Amino acid sequence: MQRFALNDGLVQAASPSGLPALDFLRQSAGLTGVKHACREGDCGSCVVLLGELDGPTPRYRVVTSCLIPVGALAGRHVVTVEGLDRRDLGPIQRAFVDEGASQCGFCTPGFVVSLTGFLLETESWGEDLAEEAVARNICRCTGYASIRRVIRTILEQLRTAVDPAEERIPALVREGYLPEYFLRAGELLAELEPPALPHVRSERQVVVAGGTDLYVQRPDELAEADVFLVQRRTGPPIWADGDHVYLAASATAEDIKVSQILGRTVGGLDRAMALMGSQPIRRMATVGGNLVNASPIGDMTIILLALDAELGLVSGGAHRSLPLRFFFRGYKDLDLQPGELVEWVRFKAERSDSVFSFEKVSKRTHLDIASVNSAISLRLDGNRIAEACVSAGGVAPVPLQLEDTAAYLEGREPTVDTAIGAATRARAEVSPISDVRGSAAYKRLLLGQLLLAHFHVLFGLEDGLEGKASA
Ligand SMILES: Cc1cc2nc3c(=O)[nH]c(=O)nc-3n(C[C@H](O)[C@H](O)[C@H](O)COP(=O)(O)OP(=O)(O)OC[C@H]3O[C@@H](n4cnc5c(N)ncnc54)[C@H](O)[C@@H]3O)c2cc1C
Ligand code: FES
Ligand code: FES
């Protein structure tokens, strides 16, 4: 039985904890403003606000209800578009009408919820930030020019009415963007017991972290499953300890994007993670899920392989660790025992003489999974590469560390010739297959280009690199 706050009241859901929240909200709670469309986290029709206490007031984020289990709602505040309704149209809805930004209206609830989520958490009234917040909301008929006008209208009003430093919930209630019950949401949540979190996983339980792979692949099976939720672990997602930087398995792509520790030790990961899915997906998608899903093109996996990371695993009270490169034994075949959990991933913290680069090619620049991706980490000794670690995804049944390419690089200067030589070796070291993401020859070519791109980004090499990946 899951107890949580839903809009302005408390509810108890008797549904199995693995049921997608979308199904509970539409079928059991009758909240059909939450739309059912792609069920793959791609369209934003089903988004809701999910709040949890952060001190006396809740902090809200936007999540795709098609990918989150009912069990993950326990102890939290779920707000659907119905929960934003007032007696009259709110300012966001009014702007949609006035700007002609809604025709069939199917996408409109998702836009309204996403924009409300943005207003609740943004640090400034920047148009680019607001547009990023609705970047995954797809409108199939109206077009985006009018939706952009909606954003401008709302922000113009808020710039004069609300100081970004002001306490946000009371200010948005005052301006009519939130109904009054939001002022009592903290009390509502305080009445709920935080859900008890079992620490030991039974073998029959399905581990669900962000759900962004699982609920796309097996939604019907999960609806009936006994789920073990790992994203609710407590403690910091990323921390430094002794010689290592640790990422909890439950650290999300967004945690990586904004981490100051990673900004100092690795660099460039904010840009890399900005290319991973949309903001709600990044806030749900975890490191543990990326590794155990074992996709050959997982972005976090490719990054961690190039950092030569080590994996911490736990089963009951038994802990073990292993180099990440040995975790992937074959296509979706892992060195993971039944009942075992990924606990953390760590890599060496001392990287002051090191440089790092991640590159990915996908059919769309944003919001798309890679066709081929690659990362490289180089330790420099003066003008020479002392140590190299190179990874590549989408070019074999498993995510790869390219050992021959790394061996080739060690001891060389980072010149145009070295970059071309590394690209040639990388292409020879992989065995891609032809599939919907491209032919084997194309993927090989892409990998060569990504190697050149690493050298271009890290060392500013340009002259002489054009067209050389295919040489
Ligand atoms: C719209 C969309 C866009 C996406 N874009 C990208 C992208 O650009 N790049 C990319 O790499 N991926 C992308 N993904 C895929 C996905 O978001 C990532 O692979 C994500 O990291 C998976 O993490 P999760 O927490 O959601 O995993 P889940 O779906 O919860 O779990 C995935 C697997 O890992 C297991 N698992 C999870 N945590 C643990 C643990 N601690 N111990 C043991 N097993 C565990 C689960 O049992 C399951 O088998 C996208 C997905 C969607 C829906
Ligand atoms: S239905 Fe499309 S994101 Fe959930
Ligand atoms: S108004 Fe029809 S999908 Fe956006």
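D241 stands opposite H244 in β9. The structure is a predicted model, in which local features need pLDDT of at least 70, side-chain atom pairs count only at pLDDT 80 or more, and totals for chains, interfaces and linings use all residues. Residues are numbered from 1 along each chain as its sequence is written, while chains are lettered from A and ligands numbered from 1 in the order in which they are written. Helices (H or I, at least four residues) and strands (E, at least two) are DSSP runs, numbered from the N terminus.

**The two sheets**

Strand β8 and strand β9 (residues 244-248) run antiparallel and are joined by four bridges. Two strands pair if DSSP finds at least two bridges between them. Both strands belong to an open sheet of five strands, with antiparallel pairing, in the order β8-β9-β14-β10-β11. Since β8 (238-241) and β11 (318-323) stand at the edges with a single partner strand each, one side of each is left without a neighbour in the sheet.

Another open sheet of five strands has mixed pairing. Its edge strands, β2 (9-13) and β4 (57-64), each pair on one side only. Within this sheet, three bridges join strand β3 (residues 47-54) to strand β5 (residues 77-79), and the two run antiparallel. G51 has H77 of β5 as its bridge partner.

**A helix pair**

Helix α2 (residues 91-98) and helix α3 (residues 108-121) pack at an angle of about 135°, with their axes 10 Å apart. Axes are lines fitted to C-alpha atoms, for helices over the stretch in contact, and angles run from 0 to 180 degrees between N-to-C directions. The two helices are therefore oblique to each other; angles under 35 degrees count as roughly parallel, over 145 as roughly antiparallel, 65 to 115 as roughly perpendicular and the rest as oblique. I92, Q93 and F96 of α2 meet T108, V112, L115 and T116 of α3, where contact requires C-beta atoms, placed from the backbone, within 7 Å.

**The shell around ligand 1**

Ligand 1 is surrounded by 32 residues, of which A209, G210, G288, G289 and N290 are the closest; a residue is near if its C-beta atom, placed from the backbone, lies within 6 Å. The largest share of this shell, five residues, comes from α14.

Key
Contact = placed C-beta atoms within 7 Å.
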